[in-house]
Amino acid sequence: MTAFVADPAFDAGSLAVTDWPLCQVRLQNDARFPWLILIPRVSGLVEIEDLTPDDRTRFLDEGLRAGALVRQMGAALERPVDKLNMAALGNVTAQLHLHVIGRRRDDPVWPDPVWGRGTVRPWSDAGRETLMAMIRAA
């Protein structure tokens, strides 16, 4: 079995924070949104259908766990989440991953998708450390 390696493209915009039973959990480095990325730690996955039935269930469960965490992150930032977006896109990075994004009706790009819209604003050192501690504790 090949060891899990996240596609290096993820390093450009997100930070690996912790591992859950199935997925590596990453914080998207964009302070405009509470945003996590889950990457199953199984080599060679491209589509959800590539997961075993048990891992599909784990993937959904971890996605729901991430959604609850994104809502907590929004509340901690005093920006409660109005809408939780979850997307398993792979147009740029084919490796299977799930974006879990907290959106607000007053966020800078609402109601448009977050990709390629506006200017990314990296987390401050303090903000990043606070969120990473929350993620590790969840």
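Modeller: A word on names before you ask: helices (H or I, at least four residues) and strands (E, at least two) are DSSP runs, numbered from the N terminus. Also, this is a predicted model.

Colleague: Fine. In what order do the elements of the chain run from the N terminus on?

Modeller: The chain has two helices and five strands. Helix H1 covers 53–76, and helix H2 covers 125–137. Read from the N terminus on, the order is β-β-β-α-β-β-α.

Colleague: And what radius of gyration does the globule rule give for 138 residues?

Modeller: The C-alpha atoms fill a box of roughly 45 × 30 × 25 Å along the principal axes. The chain's own radius of gyration is 14 Å, so it is as compact as a globular protein of that length. The value from the globule rule for 138 residues is 14 Å.

Colleague: Which residue in E5 is the bridge partner of Trp 35?

Modeller: Look at strand E3, residues 35–40, which pairs with E5 in the antiparallel sense over four bridges. On the E5 side, the partner of Trp 35 is Ile 101.

Colleague: And which one in E5 is the bridge partner of Lys 83?

Modeller: That takes us to strand E4, residues 83–87, joined to E5 by five bridges and running antiparallel to it. Lys 83 has as its bridge partner in E5 Arg 103.

Colleague: What is the area of the nonpolar surface patch made by Leu 60, Leu 64 and Met 86?

Modeller: Met 86 is in strand E4. Patch residues need over 30% relative accessible area, and Met 86 is partly exposed at 37%. Together with Leu 60 and Leu 64, Met 86 makes a patch of about 290 Å².

Colleague: What is the phi of Glu 78, which is not a glycine?

Modeller: Most residues other than glycine have a negative phi, and most peptide bonds are trans. Glu 78 sits in the loop between H1 and E4, where it is exposed, with a relative accessible area of 72%. Its phi is positive, at about 60°.

Colleague: Which residue is joined to Trp 110 by a cis peptide bond?

Modeller: Look along the loop between E5 and H2, where you'll find Pro 111. The bond in question has an omega of about 0°, and it links Trp 110 to Pro 111.

Colleague: Which residue forms a salt bridge with Arg 32?

Modeller: The whole structure holds ten salt bridges. At 8% relative accessibility, Arg 32 counts as buried, and Asp 30 is buried too, at 1%. Their closest N and O atoms are 2.6 Å apart, and the partner of Arg 32 is Asp 30.

Colleague: Is Asp 106 buried or exposed?

Modeller: The side chain of Asp 106 meets that of Arg 104 in a salt bridge, 2.8 Å from N to O. Exposed means over 50% relative accessible area. Asp 106 comes out at 56%, which makes it exposed.

Colleague: How far apart are the closest N and O atoms in the salt bridge of Asp 112 with Arg 117?

Modeller: Asp 112 is partly exposed at 35%, and Arg 117 is partly exposed at 34%. Between Asp 112 and Arg 117, the closest N and O atoms are separated by 3.7 Å.

Colleague: Which residue is joined with Asp 125 and Arg 128 into one network?

Modeller: Salt bridges that share partners hold this network together. The residue you want lies in helix H2, and it is partly exposed, with a relative accessible area of 44%. Joining Asp 125 and Arg 128 is Glu 129.

Colleague: How far apart in space are Glu 129 and Trp 35, C-alpha to C-alpha?

Modeller: In sequence, Glu 129 and Trp 35 are 94 residues apart. In space, C-alpha to C-alpha, the distance is 14 Å.

Definitions and conventions
Residues are numbered from 1 along each chain as its sequence is written. This is a predicted model: local features need pLDDT of at least 70, side-chain atom pairs count only at pLDDT 80 or more; totals for chains, interfaces and linings use all residues. Side-chain values use heavy atoms; hydrogens and water are left out. Two strands pair if DSSP finds at least two bridges between them. Patches are made of residues with over 30% relative accessible area and no salt bridge: like charges are joined within 9 Å, nonpolar side chains (Val, Leu, Ile, Met, Phe, Trp, Tyr) within 5 Å. Accessible areas come from the Shrake-Rupley method with a 1.4 Å probe; for residues, only the protein chains shown count as cover. A salt bridge is a side-chain nitrogen of Lys or Arg within 4 Å of a carboxyl oxygen of Asp or Glu. Buried means under 20% relative accessible area, exposed over 50%, partly exposed in between (1.4 Å probe, protein chains only). The radius of gyration is taken over C-alpha atoms; the globule rule is 2.2 Å times the number of residues to the power 0.38.
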